[in-house]
Amino acid sequence: HRFMLPDAISYIEHKTMTEGARRKYQAATNKDVKLSKAGDATIRMAPGEERAALLDAAMCGWNLKKQGKEMSFSPAARREFMEAASPSIVDAIIEDIRKHNPWLLADLTVEDIDKEIETLQAQRDEILEKEAGKATS
């Protein structure tokens, strides 16, 4: 699958994951649950690592340039891209990967979706405030 970047020239390629890729991704994102003798449970959460694992499992190529030179696709180049990429672009790539791997949506809970809605609403409100400030200037 090809995800076009905003310049309409560059793109990221990703694949529909096989069962092997799915198993590797799930192993990389397995959350440890620890129970104490008192009955308290703790879960190790690392959402950033989960996103990186998803991109590692699904991204398989690209057409990107850095300082006018084509970047070859490799694990090291992918990590470099991830460090420098805009979070909104990464979010859009991840959304496209999820669209092509419906089993990933089964991992989402209603709470996860509600948190995403809250985040988007806060971003929307912030943009509206900025636009209102520009209109009054």
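Phenylalanine 73 is partly exposed, at 28% relative accessible area; buried here means under 20%, exposed over 50%, and partly exposed in between, with a 1.4 Å probe and protein chains only. Tryptophan 62, on the other hand, is buried, at 10%.

Quick caveat: this is a predicted model, where local features need pLDDT of at least 70, side-chain atom pairs count only at pLDDT 80 or more, and totals for chains, interfaces and linings use all residues. Numbering runs from 1 along each chain as its sequence is written, and side-chain values use heavy atoms, with hydrogens and water left out.

In tryptophan 62 and phenylalanine 73 the ring centres are 5.0 Å apart and the planes sit at 85°, so that's edge-to-face. This pair links distant parts of the chain, eleven residues apart: tryptophan 62 is in strand E5 (59–66), and phenylalanine 73 is in the loop between strand E6 (69–71) and helix H3 (75–84). Those are DSSP runs, numbered from the N terminus: helices are H or I with at least four residues, strands E with at least two.

Leaving out residues up to four places away in sequence, asparagine 63 touches Ile9, Ser10 and Tyr11, contact being heavy atoms within 4.5 Å.

Terms used:
Phe/Tyr/Trp six-rings, centres within 6.5 Å; stacked < 30°, edge-to-face > 60°.
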